[in-house]
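Please look at the model shown below, and then follow the questions and answers step by step.

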Amino acid sequence: MIVGALIGGACGYFGMMFVERMHGGKVSTEEIVAGLVWMILCLYVAAFLQVIVHEGGHLVCGLLSGYKFSSFRVGKVILVKKRDGIKRGRYSLMGTGGQCLLAPPDLVNGSMPYMLYNLGGSLFNLLFAGASMVICFAIDGHGYLQILFMAFVIVGVFLALMNGIPMQLGGVDNDGYNALHLGKDKEAVRCLWLQLKINEQFTLGVRLKDMPQEWFEPAPEELWDNALCAATGVFAVSRNIDRVDFPAALEIGERVLEHASGLIGIQKSMLEAEMIFCRLMLNGPGEEVRREYEKAGVQEFLKRSSSMPSVLRIQYAYELIQNQDGEAAQKWLKLFERAGKNYPFDGDIASERELISYVDHL
């Protein structure tokens, strides 16, 4: 709220200053309203473009560091490198406006370049903001254009600071936080390498169960206060679900939820939802399943992630097994089929279809 107020105040101050100068210091009520509406539009445009600039910074700096292109997403539109070239699809992840994931270079003595890749987004936001500042003052007298470029400056600096200064935002480690802590822990570097390597194979259509087993050995529990290390437990759960080994998935998942203090919010919510699915598969309907499903946090996650095939599969299983409501289950199945048409990860959607078939034959 404080940051939003500062951005609004800065845009209001500079915006009206430019409008006043454009009109010779005499501004009518209509011109003030028009200026405010224009400022709001400029903020939206600036936010959209600066997200692209930020992810583009990760891409360029990652490629310069020896990484290879894997996927690039802005909003719900994603470009994915598959075996037959780069394809477009639709994918969204709760709490993120965009994401650039690259395939990492090989580890050398347990290390790989990570600083430039992590901070590239903030660096490009600042470069774009600096260029916008120069243009803003170079076009003196063009008030509305100056407001647009000043919005680029303010939003760019904001994103650079929010991503570059090490902190946790909404339970998620930002780029600066990752860059700082990767330098202190080689195991965290290995865990980042594993996540990026798994994602590379994921985008190529390889299913989790067909990837090397050693990639899915969870990091030691004493390191689970680190988000990157805690995520290895989540990947282990996902692989066991793909293998239809629900007892192993449930055992690891419950242990991660209990002991992994570094688990980020979206992974924790997804893990809780998958535990509901595993219990349904192993024990059928029950009050414990209903209690877990009706938790406020789980409900919020399921609602906000309703476009994810895994979430649709969980909802389908819950209605069919827990509520024994075939009609409600079919609605979720139709949503699943619709989501699958533009889903960019072929191996994942094949896995989800098999799991739905497993649910049908229980």
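Q: Is the crossing in which α2 passes α3 left-handed or right-handed?
A: This is a predicted model, in which local features need pLDDT of at least 70 and side-chain atom pairs count only at pLDDT 80 or more, while totals for chains, interfaces and linings use all residues. Residues are numbered from 1 along each chain as its sequence is written, and side-chain values use heavy atoms, with hydrogens and water left out. A crossing is left-handed if the near helix is turned anticlockwise from the far one by less than a right angle, and right-handed if clockwise. By this rule, the way that α2 passes α3 is right-handed.

Q: How many residues of the contact of α2 with α3 are polar?
A: Contact means heavy atoms within 4.5 Å, and the residues that meet include Q50, H54 and G57 in α2 and N118, G121 and F128 in α3. Ala, Val, Leu, Ile, Met, Phe, Trp, Tyr, Cys and Pro count as nonpolar, Asp, Glu, Lys and Arg as charged, and the others, Gly among them, as polar. Eight residues of this contact are nonpolar and none is charged, while the number of polar residues is 11.

Q: How are α3 and α5 directed, roughly parallel or roughly antiparallel?
A: α3 packs with α5 (residues 175-182) at an angle of about 160°, their axes lying 9 Å apart, and α3 passes α5 in a left-handed crossing. In this contact M115, N118 and L119 of α3 meet D175, G176, N178, A179 and L182 of α5. The two helices are therefore roughly antiparallel.

Q: How many residues of the contact of α12 with α14 are nonpolar?
A: The axes of α12 and α14 (residues 346-360) come within 10 Å and cross at roughly 5°, which makes α12 roughly parallel to α14. The residues that meet include P309, Y316 and L320 in α12 and I349, L355 and V359 in α14. One residue of this contact is polar and three are charged, while the number of nonpolar residues is nine.

Methods:
Helix = DSSP H or I, 4+ residues; strand = E, 2+ residues; numbered from the N terminus. Axes fitted to C-alpha atoms, helices over the stretch in contact; angles between N-to-C directions. Parallel < 35°, antiparallel > 145°, perpendicular 65-115°, else oblique.
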